[in-house]
Amino acid sequence: MIPRALKRLFHQISIGDQSYRFMFRPGPPDEAVAFDCETTGLDVRRDDVITIAAVRIKGNRILTSERFEAVARPEARMNAQAIKVHRLREADVEAGKRIETILPQFLHFIGGRPLIGYYVDFDVRMVDKYLVGLLGIELPNPLIEVSKLYYERKYGDAPPGVSIDLSFKSILKDLDLPELDQHDAFNDALMTAMIYLKLRDMKERGVRIPRPRQQGGAHHHSGVG
């Protein structure tokens with residue numbers, strides 16, 4: 001695997017369309033973008049993006065008025081399991097635009113800002129798949145993974161053997177955040193933004209997330225970190 005930083009350097013030189021060089025310049029210092037994709041399934045090679053949504057964060061505020069939302073018409077067939085999850089049928093996405101026409105708007109919306117996500121690597125790989133064909137580059141943005149930030153706050157000092165739960169539901173519950181209708185790309189991006197701000201604040205204040213005491217055995221004293 002080529003390190004991301006090295007790829008970034010190579011893509012900066014080899015970019016097909018020079019008007020997208022702005023992607024390689026850092027965004028405003030106190031801004032980031034939370035984003036999410038809904039897809040026809042979980043196979044990056046075979047599946048397609050059907051909705052993509054993003055919301056900007058400036059300082060400690062989520063700018064819900066500065067949002068990006070688009071429905072894409074996939075080439076891949078809709079996976080029955082995926083339809084159950086995001087409740088979008090073939091008929092719902094037929095009117096969508098081709099992803100290639102959506103991406104330029106998305107790129108101008110995110111610029112060079114860091115991208116925040118929940119299992120952000122998957123969403124980025126889905127976008128990269130089209131971007132390589134369009135511009136010959138992958139997303140160069142710094143990536144921030146909220147499940148990793150959550151892990152640090154809750155399990156960073158946990159003794160071996162502690163059971164770990166990084167589910168979206170558990171993260172929201174632990175952080176006392178509202179659970180919006182999930183698997184809607186914009187709601188997921190918005191909840192991810194809320195998770196990020198809360199965890200960042202906890203880190204700045206040196207606050208950990210309490211863990212329930214383990215029952216029995218050697219792990220009995222693994223209470224609050």
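**Reading salt bridges in a predicted model**

Trainee: Glu31 forms a salt bridge with Lys58, and their closest N and O atoms are 3.5 Å apart. Where do Glu31 and Lys58 lie in the chain?

Mentor: Glu31 is in strand β1 and Lys58 in strand β2, 27 residues apart, so the pair links distant parts of the chain. Helices (H or I, at least four residues) and strands (E, at least two) are DSSP runs, numbered from the N terminus. This is a predicted model: local features need pLDDT of at least 70, side-chain atom pairs count only at pLDDT 80 or more, and totals for chains, interfaces and linings use all residues. Residues are numbered from 1 along each chain as its sequence is written, and side-chain values use heavy atoms, leaving out hydrogens and water.

Trainee: What counts as a salt bridge?

Mentor: Side chains of opposite charge can pair when their charged atoms come close. The cut-off: a side-chain nitrogen of Lys or Arg within 4 Å of a carboxyl oxygen of Asp or Glu. The structure holds 13 salt bridges.

Trainee: Is Glu31 buried or exposed?

Mentor: Buried means under 20% relative accessible area, exposed over 50%, partly exposed in between (1.4 Å probe, protein chains only). Glu31, at 12%, is buried. Lys58, at 30%, is partly exposed.

Trainee: Which helices do Glu152 and Lys203 lie in?

Mentor: Their side chains meet in a salt bridge, 3.7 Å from N to O. Glu152 lies in α6 (residues 146-155) and Lys203 in α8 (residues 185-205), so the pair ties together parts 51 residues apart in sequence. Lys203 is partly exposed at 48%.

Trainee: Which residues join into one network?

Mentor: Asp30, Glu31, Lys58 and Arg113, through salt bridges that share partners.
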